[in-house]
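Please look through the structure below with the sequence beside it.

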Amino acid sequence: MLPGLGGSGPRHWQTLWASRQIGCRRFQPADWDRPDLADWLQALDEAIGECAAPVVLVAHSLSCLLVAHWALRPGIGEDLPHRIAQVRGAFLVAVPDPGAPVFPVEARAFGTVICGQAIVRTIESTMYNKTLDLSVL
């Protein structure tokens with residue numbers, strides 16, 4: 001589970017869903033309120049590395065942009081091919097618009113990944129060419 005800014009509290013849908021899933025884990029960046037892209041990428045990479053395949057990323061809000069960054073730069077460590085092979089899909093909920101006036105200033109670095117529709121096309125082609133069994137979630 002990849003919460004957004006603030007980390008999703010105890011009554012957030014993501015926290016409740018995670019509590020009902022066997023083998024589910026939440027990635028843990030250094031700071032939920034002052035997001036640092038490099039730190040969040042490293043935390044995501046470490047969390048993926050600790051999971052058994054297949055991994056389905058469930059991202060909310062700011063973490064949707066984190067997944068886009070990760071997809072373009074999938075690994076920080078030396079085990080890049082293994083990290084890519086581990087991720088079978090991503091469930092993105094409430095993707096924020098980094099160009100919106102309400103987008104948090106402290107998260108501005110997360111918005112720089114979106115260049116035209118390249119990442120959207122990449123995600124669409126990946127999702128339409130694979131079947132994801134949501135019953136395992």
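A residue is called buried when its relative accessible area is under 20%, exposed when that area is over 50%, and partly exposed in between, using a 1.4 Å probe and protein chains only. The model is predicted, and local features need pLDDT of at least 70, side-chain atom pairs count only at pLDDT 80 or more, and totals for chains, interfaces and linings use all residues. Residues are numbered from 1 along each chain as its sequence is written, and side-chain values use heavy atoms, with hydrogens and water left out.

Start with the charged side chains. A salt bridge is a side-chain nitrogen of Lys or Arg within 4 Å of a carboxyl oxygen of Asp or Glu. How many salt bridges does a search of the whole structure find? The search finds two. In one of them, the side chains of Arg25 and Glu50 meet, with 2.6 Å from N to O. Arg25 lies in the loop between α1 (13–19) and α2 (37–50), while Glu50 is in helix α2, so the pair ties together parts that are 25 residues apart in sequence. Helix and strand names such as these come from DSSP runs, numbered from the N terminus: helices are H or I with at least four residues, and strands are E with at least two. Arg25 is partly exposed, with a relative accessible area of 34%, whereas Glu50 is exposed at 54%.

A salt bridge also joins Asp31 and Arg34, whose closest N and O atoms are 3.0 Å apart. Arg34 has 62% and counts as exposed.

Next, follow helix α2. The helix has 14 residues and spans 20 Å from its first C-alpha to its last, which is close to the 20 Å expected at 1.5 Å a residue. That expected span is 1.5 Å times one less than the number of residues in the helix. Several residues of α2 are buried, among them Leu37, Trp40, Leu41 and Leu44.

Rings of Phe, Tyr and Trp (for Trp, the six-membered ring) pair if their centres lie within 6.5 Å; planes under 30 degrees apart count as stacked, over 60 as edge-to-face and the rest as tilted. The structure holds six aromatic pairs. One of these is the edge-to-face pair of Phe27 and Trp32, at 5.4 Å centre to centre with 90° between the planes. Phe27 is buried, with a relative accessible area of 1%, and Trp32 is buried at 15%. Trp32 also pairs edge-to-face with Trp40, at 5.6 Å centre to centre and 75° between the planes. Trp40 is buried as well, with a relative accessible area of 0%. Ring pairs link Phe27, Trp32, Trp40 and Phe110 into a cluster.

Now turn to the strands. Two strands pair if DSSP finds at least two bridges between them. In which sense do β1 and β2 pair? They pair in the parallel sense, over six bridges. Strand β1 is mostly covered, as five of its six residues are buried.

His60 is located in strand β1, which covers residues 55–60. This histidine is buried, with a relative accessible area of 17%. Contact means heavy atoms within 4.5 Å. Apart from neighbours within four places in sequence, the residues in contact with His60 include Leu2, Pro3, His12, Trp13, Val93 and Ala94.

Ala94 brings in the backbone angle phi. Most residues other than glycine have a negative phi, and most peptide bonds are trans. Ala94 has a positive phi of about 60° although it is not a glycine. Ala94 sits in the loop between β2 (87–93) and α5 (118–128), and counts as partly exposed at 47% relative accessibility. Ser8 also has a positive phi, near 60°, and is a residue other than glycine. Ser8 lies in the segment before α1 and, at 15% relative accessibility, counts as buried.

The last stop is Gly99, found in the loop between β2 and α5. Gly99 is exposed, with 64% relative accessibility.
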